[in-house]
Amino acid sequence: MLFFLQSPSSGRFSEKIYEKYNHIDILINNAGISASKKIEDTTTKEFNDIMNLNVNAMYNVTKAVVPYMKKAQNGVILNTSSMVSIYGQPSGVGYPTSKFAVNANGSMDKFNKAAAEAGVMASQMNVERGARN
């Protein structure tokens, strides 16, 4: 996953996919890491690592594939999030914060509008593991 944290790496990866298949039809942003620690036990580095993968890598990979989808005027981007972005969780602050960044505050609406202008359909999906009381 560290490969996608840097935008140039994401660009080279998408170039190779396009060269091999001549199209990129779908991107599913489903990466996520977490540290199940209380906020006082979470280091700044751990928090930044979570944000970098869960938010920045999604942006880098999406940015890398949109030009190919725009060229074809076709494509689907699916960004997965988590219900903890809404409800939070007692053991961990980085993961819910990062997933909130993915779908909250209208950021996904702006992301979707930018993709739609490129002829690409973008969608958000929140996933909840297990039942919530």
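Predicted model: local features only at pLDDT ≥ 70, side-chain atom pairs only at ≥ 80, totals over all residues.
Me: How are the rings of Tyr18 and Tyr68 arranged, stacked or edge-to-face?
Reply: The count of aromatic pairs comes to one. In this pair the ring centres of Tyr18 and Tyr68 are 4.6 Å apart, and their planes meet at 25°. The pair links distant parts of the chain, since Tyr18 belongs to helix α1 and Tyr68 to helix α2, 50 residues apart. Because planes under 30 degrees apart fall in one class, and the angle here is 25°, the arrangement is stacked.

Me: Which residues does Leu27 touch, not counting residues up to four places away in sequence?
Reply: Leu27 is itself one of the ten residues of the largest nonpolar core, and several of its partners, including Val61, Val65, Met69 and Ile77, are listed in that core too. With residues up to four places away left out, the residues that Leu27 touches are Val61, Thr62, Val65, Met69, Val76, Ile77 and Leu78.

Me: In which sense do β1 and β2 pair, and what is the handedness of the β-α-β crossover?
Reply: Strands β1 and β2 are joined over four bridges in the parallel sense, and Asn29 stands opposite Asn79 of β2.

Me: With which side chain does the side chain of Thr80 make a polar contact?
Reply: Thr80 lies in strand β2, which covers residues 76–80. Its relative accessible area is 5%, so Thr80 counts as buried. The polar contact made by the side chain of Thr80, at 2.6 Å, is with the side chain of Asn30.

Me: What is phi of Asn22, and what is phi of Gln73?
Reply: Most residues other than glycine have a negative phi. Asn22 lies in the loop between α1 and β1 and is exposed, at 56% relative accessibility, whereas Gln73 is found in the loop between α2 and β2 and is exposed with a relative accessible area of 64%. Neither residue is a glycine, yet both values are positive: phi is about 65° for Asn22 and near 50° for Gln73.

Me: How far apart are the C-alpha atoms of Asn22 and Tyr68?
Reply: Asn22 is in a loop, while Tyr68 is in helix α2. These two residues are 46 residues apart along the chain, and the separation of their C-alpha atoms is 9.1 Å.

Me: Why is helix α4 largely enclosed by the rest of the structure, and which of its residues are buried?
Reply: Helix α4 covers residues 94–103, and seven of its ten residues are buried, so the rest of the structure largely encloses it. The buried residues are Gly94, Tyr95, Pro96, Ser98, Lys99, Val102 and Asn103.

Note on methods. Residues numbered from 1 in each chain as written. Heavy atoms only, no water. Helix = DSSP H or I, 4+ residues; strand = E, 2+ residues; numbered from the N terminus. Buried < 20%, exposed > 50% of the residue type's maximum accessible area, 1.4 Å probe, protein only. Core = buried A, V, L, I, M, F, W, Y, C linked by side-chain atoms within 4.5 Å. Contact = heavy atoms within 4.5 Å. Phe/Tyr/Trp six-rings, centres within 6.5 Å; stacked < 30°, edge-to-face > 60°. Polar contact = N/O pair within 3.5 Å; in protein donor to acceptor, adjacent residues only side chain to side chain. Pairing = 2+ DSSP bridges.
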